[in-house]
Amino acid sequence: MLSFILLALLAHAISIKCQNPLQQKLNIIILAGQSNMAVRGGVANDTSTGIPTWDGVVPPQCQPNPSIFRLSADLAWVRAREPIHVDIDAGKTNGIGPGMSFANAVLTKDPNFGLVGLVPCAIGGTNISEWQKGEFLYEQLVKRAQRALQSGGVYRAMLWYQGESDTINQEDAELYKGRLKRFFNDLRSDLHAPMLPIFQVALASGKGPYIEEVREGQLKIGLPNVKCVDAKGLPLEPDGLHLTTPAQVKLGDMLADAFLRFIPNPLRSNDAPTNFSSFVPYFLIMAQIFRCLWMIITFR
């Protein structure tokens, strides 16, 4: 009788574990860059106050999905919902970006893809020099990506949309290609993912007159596994800088198509020794079993 009870308890505990979606491997997608990645769709200045506000409109392609998670600012996996960067680019008004439409499009076009783990890291108004190794933004990106991997995931890609701030100064624009190459190479090295697929967005707009110089650096980057998705011609908000919500949805779909055409095998696995975070559920299960066993023996 006691053996039967123990088996029943163990079966129940295992079923609880399998129902926890975060015990499955997450397909990690890093989102990095500046404001057009850090979700500005639907954001406009309030005419009465002059303060940027989000209209709150979430299109169907950006709605929450039980298979899409995001890594929060405090490094916890939570269900993803717009605005994706709400606690990352916290000093700005956030709206719609390409991340959720990308993830939903991937799952729609490949229903067997599995769970998606978005790792938002983008910060508006940043220059490529601020993403160089040793700088705060770079180190934060590496920290968040590594934590995502350790908590149970596999690197699948980085979506990168940045460069508008580098169009202001001619020297920055001319040095952009070299700085971008160095950033991509350093990141791959520090993540121990030398062939990490990177899908970068070629600029649709810029803050200064050197947009074409930066675009040339992006389109001619010349690194393996770096694919360029061109946003030129997508609709912009009245500020002439940020993509509209429909444009962000379209961009997410374009990125999903580029990703699915590439569809690499997982670049990192969870075959490494089990870490503490993955051990905790087993510990709790066994603790519950022994607690129930003690109660059965005590009250016989």
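Here are some notes on this predicted model, point by point.

1. Ground rules. The model is predicted, so local features need pLDDT of at least 70 and side-chain atom pairs count only at pLDDT 80 or more, while totals for chains, interfaces and linings use all residues. Residues are numbered from 1 along each chain as its sequence is written, and side-chain values use heavy atoms, with hydrogens and water left out.

2. The overall picture. You'll find 7 helices and 9 strands in the chain. Helices (H or I, at least four residues) and strands (E, at least two) are DSSP runs, numbered from the N terminus. The chain has 300 residues, and 49% of them count as buried. Here buried means under 20% relative accessible area, exposed means over 50%, and partly exposed is in between (1.4 Å probe, protein chains only). For contacts, the cut-off is heavy atoms within 4.5 Å. Take the contacts with a separation of 6 or more: 78% of them are between residues 24 or more positions apart.

3. Strand β6. Pairing here takes at least two DSSP bridges between two strands. By that test β6 pairs with β1 (residues 26–33) in the parallel sense, over 6 bridges, and I29 stands opposite L118.

4. L75 counts as buried, at 19% relative accessibility.

5. Helix α3. This helix runs over residues 136–150 and reaches 21 Å from its first C-alpha to its last, close to the 21 Å expected at 1.5 Å a residue. (The expected span is 1.5 Å times one less than the number of residues.) Which residues of α3 are buried? They are L137, Y138, L141, V142, R144, A145, A148 and L149. Seen down the helix axis, these fall within an arc of 170°, so they line one face of α3; the arc is that of the directions from the axis to the C-beta atoms. Their cover includes β1, β4, β5, β6, β7 (153–161) and α4 (170–190). After α3 comes G152, with a positive phi near 115°.

6. Helix α4. The end C-alpha atoms of this 21-residue helix are 30 Å apart, which agrees with the 30 Å it should span. Even so, α4 has a kink of about 50° centred on Y176. The bend at a residue is the angle between axes fitted to the seven residues ending there and the seven starting there. Y176 is among the buried residues of α4, which also include D172, R179 and F183. Covering them are, among others, α3, β7, β8 (198–202), α5 (211–219) and β9 (226–230).

7. M37, a loop residue to check. M37 is in the loop between β1 and β2 (43–45), and is buried, with a relative accessible area of 1%. Leaving aside neighbours within four places in sequence, M37 is in contact with L31, A32, H85, P98, A122, L159, W160 and Y161. M37 and G97 are 60 residues apart in sequence, yet 5.7 Å apart in space, C-alpha to C-alpha.

8. A cis peptide bond joins E82 and P83, with omega about -5°; P83 is in the loop between β5 and α2 (98–109). N225, in the loop between α5 and β9, is a non-glycine residue with positive phi, near 60°.

9. Cysteines. How many disulfides are there? The count is 0, taking a disulfide as a pair of cysteine sulfur atoms within 2.5 Å. C62 is buried at 0% relative accessibility, whereas C228 is partly exposed at 33%.

Methods. Expected span 1.5 Å × (residues − 1).
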